[in-house]
Amino acid sequence: MCGVIGYCGHRPAVPLVLEGLKRLEYRGYDSAGLAFLQVNKLEVIRSAGKLCNLEEKVAKTANTFAPVSIGHTRWATHGLPVEKNSHPHKSNNNALAIVHNGIIENFQELKDELLKKGYVFYSDTDTEVLANLIADELDCLLQAKFSKNYAELQTEIEHTPQLSAQYLPYVEEAFCNAIKKAYGAYAVVLLSPLIPRHILAARLSAPLLLGIGIEEHFIASDVPAFLPYTRDVVFLDDNEFVTMSAGSYEVKNIYSGEKIAKTVHHIPWDLQGAAKDGYKHFMLKEIMEQPRVLQECLVGRVQDDLVCLPELDTLPVPDSIRIIACGTSYNAGLWSQYYLEQFAEIPVTVEIASEFRYRKPILNKNELIVVISQSGETADTLGALRLCREKGYPVLGICNVLGSSVAREASASVYTQAGPEISVASTKAMLSQMVVLLLLALYYGQRKKLACPVKEILHELRALPDILERALPAMRERAKELALQYAFAKSFFYLGRGTGYSLALEGALKLKELSYIHAEGYATGEIKHGPIALIEPDFPTFALAFDDDNFSKVRSGILEIKSRQGRVISVLQEGTSLENDDIWYIPKTNLPEFLALPAMQLFSYEMADYLGKDVDQPRNLAKSVTVE
Ligand code: F6R
């Protein structure tokens with residue numbers, strides 16, 4: 001959801017920023033733009049639609065060799081996705097330009113104040129309000145110190161850039177003053193001709209990280225933006241701002257102005273991890289790398305047939321667990337309920353974060369809160385985490401992105417170790433969350449000394465990477481065949497029972513977000529309580545029928561649909577059978593969900609690709625939902 005990037009260094013900044021924006025495309029966007037200084041004057045280039053439109057415009061602009069630039073991919077929140085609303089936004093007096101990810105909740109009040117002072121707004125955005133608010137604060141400070149405002153100082157500034165050092169403290173102060181007045185969740189990056197060698201950036205509840213290179217610094221929403229140049233990263237925390245130039249950076253608290261010593265983290269990913277690797281789409285690559293993900297999820301977590309989660313050893317064994325998440329991560333949480341209750345004998349509630357945080361939830365005594373988030377930045381999940389922490393409950397964060405807000409704010413966190421997930425639709429992240437949650441169930445079973453089959457399940461888990469690796473090519477072919485056969489459908493049911501139920505929800509989510517075909521996931525037993533009324537020949541069903549205690553019941557459900565002329569794709573494990581037209585066999589294991597999930601992902605992928613949809617960046621979606 002919106003990507004920001006800024007660069008100060010020795011390379012031409014504009015092409016570098018453009019390239020960085022391309023690596024942030026996966027976050028989802030509908031317009032883009034960048035700003036740089038041309039003979040100490042602000043140049044802003046913006047364009048609606050894809051980055052190629054922006055590239056075309058930049059190519060027509062002379063002399064884009066500036067060493068400092070900021071850029072943005074916008075996912076519309078205030079105003080339509082048109083050029084005038086794209087970032088960067090300049091202040092009326094051209095003293096600065098900013099890019100911004102997030103929302104300023106009190107923008108209307110701030111705008112009203114500025115309108116009274118004579119400011120003019122050319123866009124519908126909250127960002128333009130913030131740009132003018134900073135400029136207004138700056139003018140007050142300049143007036144007090146130099147008896148001139150920015151407009152009066154402009155010629156002097158243009159001809160004597162060497163004076164910029166004297167203006168830096170005033171720009172910093174104006175930036176912080178304005179930010180203190182703006183409520184919401186955001187990351188902001190600023191460029192100004194007053195300080196041509198510097199960039200300022202601040203964070204409040206939206207991801208922002210600093211890349212540390214040699215004689216160059218980067219600021220961005222996510223690591224891939226600058227991954228070709230450095231893997232050394234500083235994660236900014238809420239209420240911090242950074243002043244950076246090519247040769248230095250300094251992080252301070254927005255409120256106290258105190259300097260903050262930050263730790264530099266080394267990111268273990270490489271560029272290849274964030275590249276398509278010869279696949280047509282990131283999504284396909286991420287589906288196909290799941291055997292490796294299964295393997296890597298186990299690294300460091302299993303020893304001598306025992307589960308090791310040292311992150312949890314200092315927390316007591318809970319009497320109950322409440323899992324909170326959104327979207328696909330919620331589906332992973334729902335899936336784990338079966339195993340946590342079965343293996344750890346702990347009652348589990350699973351909650352949608354946006355619902356949980358606005359109820360007056362009554363938490364149990366000695367309850368463990370588990371929040372699941374691939375990005376670790378989802379606003380509702382973070383909100384729920386904070387609410388539970390404020391109430392004094394321990395929170396376990398399960399997330400993928402190193403150093404993310406969830407990881408840092410939880411009482412303990414377990415990383416899923418899936419590597420960067422670039423495609424907007426989550427695939428391998430869910431699989432890795434399922435592994436971690438299964439390990440969690442075994443871990444508590446172990447700690448409670450229950451007769452839970454730790455050894456047997458670990459044996460199954462260790463065998464899965466090979467089984468999946470061998471199965472994937474045929475699964476992809478079958479997914480292609482079925483996608484072609486069912487591309488006529490306008491609606492789909494997804495059905496599952498037991499551990500298949502949450503997967504049915506996930507299958508339906510993947511199909512609708514990628515191919516825009518309406519799909520609903522149901523518990524198989526629920527279908528006859530109403531939904532079956534919709535069944536007719538062109539309303540197909542995708543059913544999961546695992547070889548477990550539920551098999552005969554799921555089979556009856558499928559036959560009921562068939563006897564109403566509904567067409568059914570049934571995912572079955574080898575060794576079972578069913579009277580059905582379209583059977584999709586997956587190999588036999590005791591953990592069939594780890595094969596059924598990739599099968600459903602491939603079906604949605606092939607369907608979307610066949611229908612010509614934008615697989616990696618489905619319309620209206622963002623990778624990391626940092627606003628409520
Ligand atoms: C669906 C999808 C979303 C995310 C959801 C939560 O493919 O990707 O439903 O799962 O936005 O995101 P995280 O896990 O980053 O909190």
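How far is an oxygen atom of the ligand from a polar backbone atom of Val424? The distance comes to 3.4 Å. Keep in mind that this is a predicted model, so treat what follows as a tour of computed geometry.

**Around the ligand**

Let's stay with the ligand for a bit. It has 14 residues around it, and the closest ones are Ser329, Ser373, Ser375, Thr378 and Glu513.

| Residue | Atom on the protein side | Ligand atom | Distance |
|---|---|---|---|
| Ser329 | polar side-chain atom | oxygen | 2.6 Å |
| Glu513 | N or O atom in the side chain | oxygen | 2.6 Å |
| Val424 | polar backbone atom | oxygen | 3.4 Å |

As for cover, the ligand on its own has 410 Å² of accessible area, and the protein covers 90% of that.

Now for a bit of helix packing. Helix 4 runs over residues 126-146 and helix 5 over residues 150-159; their axes come within 10 Å and cross at roughly 70°. Angles from 65 to 115 degrees count as roughly perpendicular, and therefore that is the label for helix 4 and helix 5.

Which residues meet there? On the helix 4 side they are Asp139, Leu142, Gln143 and Phe146, and on the helix 5 side Tyr150, Glu152 and Leu153.

Most residues other than glycine have a negative phi, and most peptide bonds are trans. Here are some spots that go the other way.

His87 and Pro88 are joined by a cis peptide bond, with omega at about -5°. Pro88 sits in the loop that links strand 4 (68-74) to strand 5 (89-90).

Glu215 isn't a glycine, yet its phi is positive, near 55°. You'll find Glu215 in the loop between strand 9 (209-212) and strand 10 (217-220). Asp304 has a positive phi as well, near 50°, and its place is the loop between strand 15 (302-303) and strand 16 (306-307).

Conventions
Residues numbered from 1 in each chain as written. Predicted model: local features only at pLDDT ≥ 70, side-chain atom pairs only at ≥ 80, totals over all residues. Heavy atoms only, no water. Axes fitted to C-alpha atoms, helices over the stretch in contact; angles between N-to-C directions. Helix = DSSP H or I, 4+ residues; strand = E, 2+ residues; numbered from the N terminus. Parallel < 35°, antiparallel > 145°, perpendicular 65-115°, else oblique. Contact = heavy atoms within 4.5 Å. Near = heavy atom within 4 Å. Polar contact = N/O pair within 3.5 Å; in protein donor to acceptor, adjacent residues only side chain to side chain. Areas by Shrake-Rupley, 256 points an atom, 1.4 Å probe, with all protein chains shown as cover.
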